[in-house]
Amino acid sequence: MSAAAQQLRLVVLPGDGVGPEVTDAALAVLRSILDRAGIELVAEQHDIGGQAIDSCGEPLPRSTLAACREADAVLLGAVGGPRWDRGPVRPESGLLSLRSGLGVFANLRPVRVWGGAEGLSPIREEVVRGADIMFVRELTGGAYFGRPRGIGGATPSRRGVDTIEYGEAEIRRVAHVAFRIAETRRRRVTSVDKANVLATSALWREVLGEVAKDYPQVELEHFLVDSFSLRVLLEPQRFDVVVTENLMGDILTDEAAALVGTLGMLPSASGGGEGPWLYEPVHGSAPDIAGKGLANPLGAIASAAMLLRLSLGREDLAEAVERSIGAVVRAGSVTADMDGALTTREVTDAVLGELEAGVAA
Ligand code: IPM
Ligand code: MG
């Protein structure tokens, strides 16, 4: 889609738990800003996750994947919940099939401590102040998709097997994404692996070194995952772009949320395939607070900002949304997970109010 696009065809996948509440919030913000920018928003809703298992017996109906492939962008809420934990199919497998079906191998998860909101982190303010890390998580390989996998045999000698496998090309393409992003930032790539133990990590490290030669302006450093997991909390400001494989990226991005103080604010964008990008907050379906109006909508709204930037090429609109998020955070107009007292709807209205005030200013 070009920068001059006058229409955005969006597929919305609300999913389970708080998913519908937060996608509603993001949609309200998109509607408001696109309307003012003269861009028509054509949004369609489709089933995914547990809710799709209930309505049609599978977590990623074929019609959902087909609609996503036709769209300019996909906005997802969350999947999963205790109701479906016993199987036979898990809602999460729908999300994994969607990621691989769209070929979105690069998952961008910015972890940024907003000025004025340092106090939310349990880590000392002077440590987290100004931290701004872009995680690039490989999303369609590794242990999530490796074969063989499963539980075999009979009690008491059952065995579980998972497989971590990475091809050179899979590593190379996500490495290029990380280096290209670093060129637009502070020009440092930290690659995280377990090269002292895992063969896939040894290959990962080698390929990263090769790709780095194409980016002489960017500095590459390697960290072992155990060491990185400590350092990111002790000295977050030293990191710029962090690239890592699927499972390590899953774990490290939740951990890094401690810098911000809540998972509820973190956005993500996944792309790199031929088709549209997929946008989703990093947080899960939070079944304990679902339907109560307590969910933090800022992760989904910040994901919508990434959509404006990456799928529409509208940096100006993305920044307007991010500025509005910054303003509501500073004003304390936030949900309980951020020590506030507002509902999902009230926080969303506060963001909409800031957007309007920004336009009027
Ligand atoms: C995430 C989630 C998913 C993942 C789950 C829901 C399958 O934790 O997006 O980080 O592990 O990728
Ligand atoms: Mg996760």
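Predicted model: local features only at pLDDT ≥ 70, side-chain atom pairs only at ≥ 80, totals over all residues.
Biologist: Which peptide bond to Pro148 is cis, and where is Pro148 found?

Modeller: Most peptide bonds are trans, which is the background against which this one is to be read. Pro148 sits in the loop between E5 and strand E6 (150-152). The cis bond, with omega near 0°, is the one from Arg147 to Pro148.

Biologist: What is the value of phi of Ala286?

Modeller: Ala286 has its place in the loop between strand E12 (277-279) and H10. Most residues other than glycine have a negative phi. Ala286, a residue other than glycine, has a positive phi, near 40°.

Biologist: Turning to the open spaces, which element gives the largest share of the lining of the largest pocket?

Modeller: The largest pocket has a volume of about 550 Å³ and is lined by 22 residues, with Val79, Glu92, Leu95, Leu96 and Arg99 lying nearest its centre. Two or more lining residues come from each of strand E3 (73-78), helix H4 (91-102) and helix H9 (246-260). The largest share, 5 residues, is given by H4.

Biologist: How many residues does H10 give to the lining of the second largest pocket?

Modeller: The second largest pocket has a volume of about 470 Å³, and of the 18 residues that line it, Pro110, Met134, Arg185, Met306 and Arg309 are the closest to its centre. At least two lining residues are supplied by each of strand E4 (106-112), strand E5 (132-138) and helix H10 (298-310). H10 gives the largest share, and its number of residues is 4.

Biologist: By class, how many nonpolar residues does the lining of the second largest pocket have?

Modeller: Domain 1 (1-112 + 263-361) and domain 2 (122-259) each contribute at least three residues to the lining of the second largest pocket. By class, that lining has 5 charged and 1 polar residues, and the number of nonpolar residues is 12.

Biologist: What percentage of the area that ligand 1 exposes when taken alone is buried by the protein?

Modeller: Ligand 1 is surrounded by Glu92, Arg99, Arg109, Arg137, Tyr144 and Asp250. Polar side-chain atoms lie 2.7 Å from an oxygen atom of ligand 1 in the case of Arg99, 2.8 Å in that of Arg109, and 2.9 Å in that of Asp250. Taken alone, ligand 1 exposes 320 Å², and the part of that buried by the protein is 77%.

Biologist: Which helix gives the largest share of the lining of the largest cavity?

Modeller: A search of the whole structure finds 1 cavity of 30 Å³ or more, and the largest cavity has a volume of about 30 Å³. Its lining is made of Tyr166, Asp193, Thr200, Ser201, Trp204 and Glu245, which divide by class into 2 nonpolar, 2 polar and 2 charged residues. The largest share of this lining, 3 residues, comes from helix H7 (residues 199-212).

Definitions and conventions:
Residues numbered from 1 in each chain as written. Chains lettered and ligands numbered in written order. Heavy atoms only, no water. 1 Å grid on protein atoms, 1.4 Å probe; cavity = no way out; pocket = protein on both sides within 12 Å on 5 of 7 lines; lining within 4 Å. Points joined across faces, edges and corners; volume = space filled by probe spheres on them. Nonpolar A, V, L, I, M, F, W, Y, C, P; charged D, E, K, R; others polar. Domains from an automatic or database assignment. Near = heavy atom within 4 Å. Polar contact = N/O pair within 3.5 Å; in protein donor to acceptor, adjacent residues only side chain to side chain. Areas by Shrake-Rupley, 256 points an atom, 1.4 Å probe, with all protein chains shown as cover.
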